[in-house]
Amino acid sequence: MKIGELARRAGLTVRALRHYDDIALLVPSERSSSGYRLYGRKDVARLYRIQALRRLDLSLADIQGLLDNAAGGLSEVVAGQVAQLDREILQASALRAHLLALQDQLQASKEPGIDDWLLALESMVAGAKYFSDDEQRVLNTQRNGLADAAVPERAELTNWLHRLVAAGASPESPQAQALAQRWIALLLEEAGGDEGLLMKIYAMHWNEPSLHAMTGVDRAGIRYISHAMAFARLALYAPYCSAGEMATLRQHYVAQTDAWPPLIAEVRQQMSAGVPADGAAMRALAQRWQALSLAKAGGKASLHAKLQRAFRHDAALRSGSGIDETLAAYVGQAMACLDGTQVS
């Protein structure tokens with residue numbers, strides 16, 4: 001593959017790969033007739049070793065010395081990465097399983113394919129795309145405290161999800177709702193109760209194919225959990241609504257589920273950037289928020305108002321939604337600029 005594709009897949013810059021070539025740390029196996037660098041399977045395997053050792057805070061000079069030493073086996077590098085990643089970011093358990101599979105192939109004298117190496121590389125850099133250094137430290141701290149319990153629980157929940165989907169169970173079923181509530185509670189605990197971090201975790205797992213392959217939970221699985229959680233949250237509105245209103249909600253509420261996470265993420269990004277609630281960018285987002293909020297109430301303004309009041313005053317409705325009090329207040333200010341209402 002060409003240098004641009006490898007850089008994209010490995011989470012590096014083309015400039016970095018050129019530098020690796022210049023210092024003879026990673027020299028491409030071939031050149032095209034036009035002089036383009038071409039990287040093959042062995043080059044990708046070497047890049048994996050470089051990236052793994054970089055995560056151990058080794059200098060490029062030290063890494064080159066280790067790689068040029070025949071005694072420095074790839075199996076030991078993978079094993080070291082497994083031990084480290086067990087204590088790291090959210091996808092550590094899934095990445096650990098993949099690295100162990102690579103190690104098994106190495107010990108059996110089978111060279112992993114290029115896709116295996118690239119999958120591992122993609123997963124190593126996925127967290128940095130979504131979280132700041134401070135956020136990654138928060139996640140690492142939380143995961144360190146939960147490591148013994150969280151890994152088996154995630155595996156249990158994933159197996160439970162697969163069983164429900166295979167059996168054709170509706171997201172509205174009590175079993176699916178119970179699964180979703182446990183799933184979101186675990187993620188929220190790992191996020192330290194931070195609804196903003198929860199939305200970033202959701203976005204990472206939604207957008208990264210490498211995580212789908214390694215966790216066994218693809219977009220369809222994530223959507224199933226989201227819809228089941230929406231049904232569970234819907235039941236919490238029952239004390240605030242009449243039987244007729246609940247019938248309306250059952251018809252319209254869950255249908256809006258998929259549209260909320262990206263909208264919440266956009267609004268939170270504006271808030272984090274310090275964009276004024278009455279600015280043009282937020283007004284456009286507030287209009288989308290208003291339309292979506294009204295749609296889940298079947299277009300009924302009175303029911304919409306009840307949902308708003310319930311959401312503001314019931315912490316259980318907000319938990320795991322990605323909307324904390326700060327964000328709700330920010331959206332409320334933006335909504336007030338549109339039509340004088342408060343929303344959540």
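**Cores, a helix face and aromatic pairs**

I would like to begin with one side chain, Trp-206, which has a relative accessibility of 17% and therefore counts as buried, the cut-off being under 20%. Please keep in mind that what we are looking at is a predicted model.

Trp-206 has a partner, because its ring and that of Tyr-202 have their centres 6.0 Å apart and their planes at 10°, so that the two are stacked. Both residues belong to helix α10, which runs over residues 195-207, and since they are four residues apart there, about one helical turn separates them.

How many aromatic pairs does the structure hold? There are three, and another of them joins Trp-260 and Trp-289, whose arrangement is edge-to-face, with 5.1 Å from centre to centre and 80° between the planes. This pair links distant parts of the chain, as Trp-260 sits in helix α14 and Trp-289 in helix α15, 29 residues apart. Trp-260 counts as buried at 12% relative accessibility, and Trp-289 is buried too, with a relative accessible area of 1%.

Trp-289 brings us to the largest nonpolar core, which has 34 residues, and in which Trp-289 is among those with the most contacts, together with Tyr-237, Leu-249, Val-267 and Leu-327. Several helices supply at least two residues each to this core, including α12 (219-236), α14 (260-272) and α15 (280-296), while α18 gives the most, with six residues. If we look at Tyr-237 and leave aside residues up to four places away in sequence, we find that it touches, among others, Met-246, Leu-249, Leu-307 and Phe-311. There is also a second, separate core, made of 30 residues, among them Leu-157, Ile-201, Val-217 and Ile-225. As general background, nonpolar side chains in soluble globular proteins tend to be buried together.

Let me turn now to helix α2, residues 14-22, and ask which of its residues are buried. They are Leu-17, Tyr-20 and Asp-21, and, seen down the axis of α2, the buried residues fall within an arc of 100°, so they line one face of the helix. The face turned away from this buried side carries the exposed residues Arg-15 and Asp-22. Among the elements that cover the buried residues of α2 are α1 (3-10), the strands β1 (30-31) and β2 (37-38), and the helix α3 (41-54). Just after α2, Ala-24 takes a positive phi of about 65°.

Finally, there is a contact with a charge, in which Lys-2 lies over the face of Tyr-36, at 4.8 Å from the ring centre.

Methods: Residues numbered from 1 in each chain as written. Predicted model: local features only at pLDDT ≥ 70, side-chain atom pairs only at ≥ 80, totals over all residues. Heavy atoms only, no water. Core = buried A, V, L, I, M, F, W, Y, C linked by side-chain atoms within 4.5 Å. Buried < 20%, exposed > 50% of the residue type's maximum accessible area, 1.4 Å probe, protein only. Contact = heavy atoms within 4.5 Å. Arc of directions from axis to C-beta. Phe/Tyr/Trp six-rings, centres within 6.5 Å; stacked < 30°, edge-to-face > 60°. Lys NZ or Arg CZ within 6 Å of the ring centre and 35° of its normal.
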